[in-house]
Amino acid sequence: MARKSHVQTTINGETVEFLCESRQSLLEVLRDELHLTGAKEGCNNGNCGACSVILDGRLVNSCLVLGVETEGKSVETIEGLAEPDKLHPIQDAFLENAALQCGICTPGFIMSAKALLDQNPNPTEHEIRYWLAGNLCRCTGYDKIVRAVLDAAAAK
Amino acid sequence: MRDFAYITANTVSEAVTLLDEKGQSARILAGGTDLIVQVREARRDVDWMIDIKSIPEVNVLDYNADTGLTLGAAVECYKIYAVDEICDAYPGLVDATKIIGGTAIQGRAAVGGNLCNASPAADCIPPLIVLNASCVIAGPNGARELPVEQFCTGPGQTAFDNGEMLVSLKIPAPANNSSSFYLRFIPRNEMDIAVVGAGASVTLDDAKQTIVSARIALGAVAPTPLFAEEASALLAGREVSDAAIDEAAQAAQSIARPISDMRGTAEQRTHLVGVLTRRALNGAIQRIRDAA
C-alpha cells in the first residue's frame, strides 16, 4: 500500500486533518476519507464540473486537485452552505425555480454559482452563462439554472 | 491512478535538482489540469510529482510599461485577466486565458503549464509567439532563455534538457500603436479544444494606416504551434488593406500541415487558417484603431 501523508486543511470553516495517498484527488479525499459526498464524480477529467468546490476562494474541479495540495488551504463544499435551520439563498432559488432534475450536477452548479455571486453579486445572464460553462447538466435544465442564479442574486 | 510521490519544492534549485535526479519519471506540477488527467488516464508515467507553486519566482506577475511582463510559470489564467494594464497591453494573450476551459479550469490552469504541456492546439501558445515571448528556463547548468516559437518540438515534446524547468515567461512591452488578437474555431460556444487557432500582433504607424510590423502564429495545424514567419514579414510596410491581409492569410495557409481527425479534416483546417488569420489581423488592427 502506498505511503500516506498527513494533511491539515480547513473545510467549511473547520480545521480537518486527514491521511491520504498522493494520488488521491481532493474529490476522493472529500468523498472517501471525509464522507462529504456532496461533490460528485462525473467525468473525473475536468469537463463536467460536478465536483466543483471552492479552494482558497477560487472555484476548482476537485477531481483536478490532489488532496495533498490542500495542506494549509481552505475548502468550501456544498455541505457548508446551509445553516442548520435555513438553506442558502442559492439553494432556495434552485428549489423555487425547479432548477434540477436528477440532481447529480446540482452541488457543482450551486458551488459555481456561489463563487460567481461572491465576486460579482449582480451578474448579467450572459455573465452567468459564461461562468457556468464548465458545469454540465445532462437533464438540460440550463435555463432554469440560469434563472435560479439570477433570482439568488436579486434576493441578496 | 498509479502511485507516485508528491514533493513540494520551495526553490528553483530544489526543483531542478529533483528533476535532474529523477529524470523522465518526474514531472512538474503547477495547475495540474493536464498533468493529473494524463497520469490518471495512464497517458504519462510519473513517479515523482514536483509541486512548484511554493516557489516565489514562478508566482511573479509583474507588468511594467517600459520593461514588459514577467509571467511566472505557475500563474493561473484568472490572475492575468484580472489586471487591467495586462488586458490593455496584451489583449491577444488575455483572449486565450479567457477561453481555456471554464471558470474552474481558469482558476487552476497556468499559461506556463499550457506551454509546457506542448499541445499543438494549446490556446496560449500562438499569442505568446506573436507577442515575442521568451521562456526563462532553469536547469542544472544554469538559466537560459528561449523564444516561445522554438520551445515546442512535437506533440507533448519540448526543448527542455534533462533537469530543466520553466521559471517564467518574459513578454516585451508593447510598441506604440500595437495590439494583438487570438481566436480559435470550435463547433461549440465554450469549453472546447481548438480545431484551428490563430494569433496576430500588429504595429501600425502613427496615422494607423500602414503596418510597421506584424506577427502571425497558428495552432492545431501542425505537430507544434507555428510561427508564420513569411506571412508576418510580407505585411511589413504595407498599407492596411484587404489585399495585404489576404496575401498574409494565403501565406499562412501555405505552411499549415494539418491532420484530419475527429475535430476536423485537413481541408477544413486549411480553409480555417485563412479565415482565422484574416480575422486575427483585422481584430488586432481594430483594437489599435479603437484605442484612444
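## The two domains of chain A

In this predicted model, the centres of domain 1 of chain A and domain 2 of chain A, taken over C-alpha atoms, are separated by 21 Å. Domain 1 covers residues 4–80 and domain 2 covers residues 89–155; the bounds come from an automatic or database domain assignment.

The contact between them takes 13 residues from domain 1 of chain A and 12 residues from domain 2 of chain A. Two residues are in contact if their C-beta atoms, placed from the backbone, lie within 7 Å. On the side of domain 1 of chain A that touches domain 2 of chain A, strand 3 (residues 52–55) of chain A gives the largest share, three residues. That side of domain 1 of chain A has eight nonpolar residues, four polar and one charged. Here Ala, Val, Leu, Ile, Met, Phe, Trp, Tyr, Cys and Pro count as nonpolar, Asp, Glu, Lys and Arg as charged, and the others, Gly among them, as polar.

## Where the chains meet

Between the chains, 22 residues of chain B are in contact with 23 residues of chain A. Strand 1 (5–8), helix 2 (35–40), strand 3 (48–51) and helix 6 (103–106) of chain B each give two or more residues to the side of chain B that touches chain A. By class, that side of chain B has 10 nonpolar, six polar and six charged residues.

## Chain B as a whole

Chain B contains 11 helices and 14 strands. These are DSSP runs, numbered from the N terminus (helices H or I, at least four residues; strands E, at least two). The radius of gyration of chain B, taken over C-alpha atoms, is 19 Å, close to the 19 Å that the globule rule (2.2 Å times the number of residues to the power 0.38) gives for 292 residues, so chain B is as compact as a globular protein of that length.

Of the 292 residues of chain B, 50% count as buried. A residue is buried if 20 or more other C-beta atoms, placed from the backbone, lie within 10 Å of its own.

## Confidence and numbering

Chain B averages a pLDDT of 97, where pLDDT is the predictor's confidence in each residue, from 0 to 100. The complex is given an ipTM of 0.94 and a pTM of 0.96 by the predictor.

Residues are numbered from 1 along each chain as its sequence is written, while chains are lettered from A and ligands numbered from 1 in the order in which they are written. Because the model is predicted, local features need pLDDT of at least 70 and side-chain atom pairs count only at pLDDT 80 or more, whereas totals for chains, interfaces and linings use all residues.

How values were computed:
A residue is buried if 20 or more other C-beta atoms lie within 10 Å of its own, exposed if 12 or fewer, and partly exposed in between; C-beta atoms are placed from the backbone.
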